[in-house]
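Morning, everyone. Please put the structure up, and I'll walk you through a few parts of it.

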Amino acid sequence: VILQSDFDSRESAISHISHMAKQLHQSLKDHYSVTEHMLMITCSCGIAIYPDDGESAEQLIKHADTALYKAKANGRDNYQFFSREMNVAAVERMEMESDIYRAIENNEFEVVYQPKVSISGNRIVGAEALLRWHHPQQGDISPERFIPVADETGQILQLGDFVLQQACALTSELWCSNENCDETDSLSVNVSPRQFQQDDFVEKIQRILAQEKTRACCIELEVTENILIEDASKVGEKLRVLKELGLTISIDDFGTGYASLRYLQQLPIDMIKIDRSFISHITDKASDFAIVKTIMSMAKNLDIKVIAEGVETDEQLALLQLLDCPYYQGYYFSKPVSREVFIGMIRQQRAASA
């Protein structure tokens with residue numbers, strides 16, 4: 001805790017403390033040599049000012065702590081001032097945490113499925129399993145609101161198990177029990193960094209696959225680029241074990257993280273998903289078109305499959321077809337649909353093929 005006083009105004013306090021926070025950040029930025037290891041300290045600061053942010057020491061410390069968590073949420077290694085809006089957000093976050101716990105107990109979560117489609121044949125080749133929350137009072141709550149809280153609190157582990165179990169059960173019903181695994185590339189499930197880092201992650205997947213009698217080749221695990229840079233050797237070993245089990249591995253939101261070509265060469269990656277931010281402007285931004293074209297070329301040379309997400313228009317699909325992109329998903333074909341609707345889609349496609 002750093003305490004400063006004797007300022008003429010709030011503005012002078014803000015100016016002085018901002019300068020001090022930057023100095024502190026710069027001072028700690030130096031590398032330290034400890035037992036032949038180079039270490040670096042990052043500095044996250046939360047700041048509260050008397051009397052606007054609190055009239056007692058207890059309030060000021062509490063509000064500075066709230067601002068500190070805001071600094072960490074913004075990527076760490078920065079400083080944030082407390083504001084009443086931040087305090088409201090902190091209360092909402094605590095309420096969200098307890099609501100998620102209650103929602104798990106009351107089975108308020110549902111898994112929906114967004115079809116993945118072959119561009120050349122315009123047929124469904126699988127789907128992405130997505131989590132949705134139907135709150136009894138607030139209605140549908142966006143995953144962008146509850147997933148970060150669930151991830152931070154560890155509730156994502158329970159939710160992740162639920163999504164995988166539901167996806168495996170549907171996969172077995174549609175394909176594995178009928179020996180029609182060749183009809184789909186995979187049903188894909190998102191894996192959070194916290195899930196992936198669990199020591200029993202592989203065993204848990206094996207247990208759910210066995211429990212639902214699901215062939216591993218019908219399940220695709222989508223990991224983010226950020227997972228790849230945690231500990232390359234450890235991550236690589238876990239991915240190889242998953243690959244040996246028969247699972248398909250894909251990188252989600254490719255192009256927005258920090259994965260390098262080296263990771264694509266060294267790790268057992270089967271597919272990359274081009275992030276929707278590039279697809280949404282592929283028709284009007286030459287730079288986005290160039291990025292997608294480069295990804296396609298790179299993937300082809302590395303023998304990695306590609307799927308584009310967020311496709312919404314004829315023009316976007318036409319350009320992807322021009323670039324020989326084999327698969328896509330997005331509102332152009334279908335929004336995420338319920339389990340029952342997706343089963344109906346597959347049955348209708350089978351009937352048409354017959």
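**A look inside**

Start with Glu220, which sits in strand E9, residues 219-224. Helices (H or I, at least four residues) and strands (E, at least two) are DSSP runs, numbered from the N terminus. Before going on: this is a predicted model, where local features need pLDDT of at least 70 and side-chain atom pairs count only at pLDDT 80 or more, while totals for chains, interfaces and linings use all residues. Residues are numbered from 1 along each chain as its sequence is written, and side-chain values use heavy atoms, with hydrogens and water left out.

Is Glu220 buried or exposed? Its relative accessibility is 2%, so Glu220 counts as buried. Buried means under 20% relative accessible area, exposed over 50%, and partly exposed in between (1.4 Å probe, protein chains only). The side chain of Glu220 has a polar contact of 2.8 Å with that of Ser250. A polar contact is a pair of N or O atoms within 3.5 Å; within protein, one must be able to donate a hydrogen and the other to accept it, and residues adjacent in sequence count only if both atoms are side-chain atoms. Not counting residues up to four places away in sequence, Glu220 also touches others, including Lys116, Ser186 and Met271. Contact here means heavy atoms within 4.5 Å.

Next, Thr214. This residue lies in the loop between helix H7 (201-211) and E9. Thr214 is buried because its relative accessible area is 8%. What does its side chain meet in a polar contact? The side chain of Ser172, at 2.7 Å.

Now the core. The largest nonpolar core has 77 residues, and Ile100, Leu242, Ile272 and Phe342 touch the most other members. Helix H5 (residues 156-174) gives the most to this core: 8 residues. A nonpolar core is a set of buried Ala, Val, Leu, Ile, Met, Phe, Trp, Tyr and Cys residues joined through side-chain atoms within 4.5 Å.

H5 also meets helix H14 (residues 339-353). Their axes come within 12 Å and cross at roughly 25 degrees. Axes are lines fitted to C-alpha atoms, for helices over the stretch in contact, and angles run from 0 to 180 degrees between N-to-C directions. H5 and H14 are therefore roughly parallel, a label for angles under 35 degrees. Among the residues making the contact are Leu170 of H5 and Phe342 of H14.

Last, the whole protein. It has 14 helices and 13 strands. Of its 354 residues, 42% count as buried.

Terms used
Parallel < 35°, antiparallel > 145°, perpendicular 65-115°, else oblique.
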